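Hi,

Here is the structure I promised to pass on to you. Have a look at it first, and then read my notes below.

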Amino acid sequence: MTGRRRDLARRITEAIERPSPPSGLESRPYVIGITGPPGVGKSTLVDQLIRGLREDGARPGVIVVDPSSPVTGGALLGDRIRMQAHAQDEDVFIRSVANRGHLGGLAQGVSQALDLLAEAGFSPLIVETVGVGQSEVEVAEIAEVVVVVLHPGWGDEVQAEKAGLLEIADVVFINKSDQGNAERVARDLAGLDVPVLAGSALTKDGLEELSTAISDHVKHPPARRRVRPGRPPGEQP
Ligand SMILES: Nc1nc2c(ncn2[C@@H]2O[C@H](COP(=O)(O)OP(=O)(O)O)[C@@H](O)[C@H]2O)c(=O)[nH]1
Ligand SMILES: [Mg+2]
């Protein structure tokens, strides 16, 4: 690791551990939020997104918020392995942060870490969070576009949990459609006001459509507003 990267890594750690008020960066590069249930393929998908962005000459910066294991207290090793292909690439910065089961201030720390990545010239920015509980809602606040990743077997979750996750979606991607029938979930979500796509991070099926949906959303944010936590639906900020 070069000294500059080491310094950036250290400052990100400080930001996560001791968040301070936002730096007030005038124009941060856009932030892509990737959320969904554990194991659905978010990290695999992020790895593919990084690949595509690199092909386009972009320098993506990625923060992965891991549910830390109560046993190890550390970030899941899997994410690092999943994105290891980029470990030697100086034009990609990937950082895992463990949420250690508490969420207070996490969004602020992540937001600050994103500012640091932006200052270091990384763009666009990607945040992966697990779509359970409140953390993803917090992080959705930071992201210009939130991709909710689901799988073909999705649907057995508690209704409230489902609703909470879908509320923050700008794009839904039904991953692992190589393993099951995504149609059923897609039909379930037909009433949603956002693009619902299906594909596979493993076979790369549907990934181009996903990239297009992401950039379409960033370029032309729909008039419809995502329901933000703490703000009644329909109310303008
Ligand atoms: N069959 C199949 N497996 C996948 C796909 N995407 C990811 N996986 C696998 O699902 C497992 C969990 O993936 P991961 O990206 O770590 O999920 P995350 O917890 O949501 O970040 C890994 O073994 C991946 O190889 C897919 O589209 N199809
Ligand atoms: Mg992951």
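**Around the ligand**

The residues in the shell around ligand 1 divide into 4 nonpolar, 8 polar and 4 charged. Please keep in mind as you read that this is a predicted model.

In total, 16 residues surround ligand 1, and the closest are Gly41, Lys42, Ser43, Thr44 and Ser200. Two elements give two or more residues to this shell: helix H2 (42–55) and helix H3 (77–82). The largest share, 3 residues, comes from H2.

**Helix H2**

After H2 comes Gly57, which has a positive phi, near 85 degrees.

Now turn to strand S5 (residues 145–150). Since 6 of its 6 residues are buried, S5 is largely enclosed by the rest of the structure. Both of its faces are covered, with Val145, Val147 and Val149 buried on one side and Val146, Val148 and Leu150 buried on the other.

Which strands pair with S5? Strand S1 (residues 31–36) runs parallel to S5 and is joined to it by 4 bridges; here Thr35 stands opposite Val148. Strand S6 (residues 171–174) also pairs with S5 in the parallel sense, over 4 bridges, and Ile174 of S6 is the bridge partner of Leu150.

Enjoy exploring!

How values were computed: Residues are numbered from 1 along each chain as its sequence is written. Chains are lettered from A and ligands numbered from 1 in the order in which they are written. This is a predicted model: local features need pLDDT of at least 70, side-chain atom pairs count only at pLDDT 80 or more; totals for chains, interfaces and linings use all residues. A residue is near a molecule or strand if its C-beta atom, placed from the backbone, lies within 6 Å of it. Ala, Val, Leu, Ile, Met, Phe, Trp, Tyr, Cys and Pro count as nonpolar, Asp, Glu, Lys and Arg as charged, and the others, Gly among them, as polar. A residue is buried if 20 or more other C-beta atoms lie within 10 Å of its own, exposed if 12 or fewer, and partly exposed in between; C-beta atoms are placed from the backbone. Two strands pair if DSSP finds at least two bridges between them.
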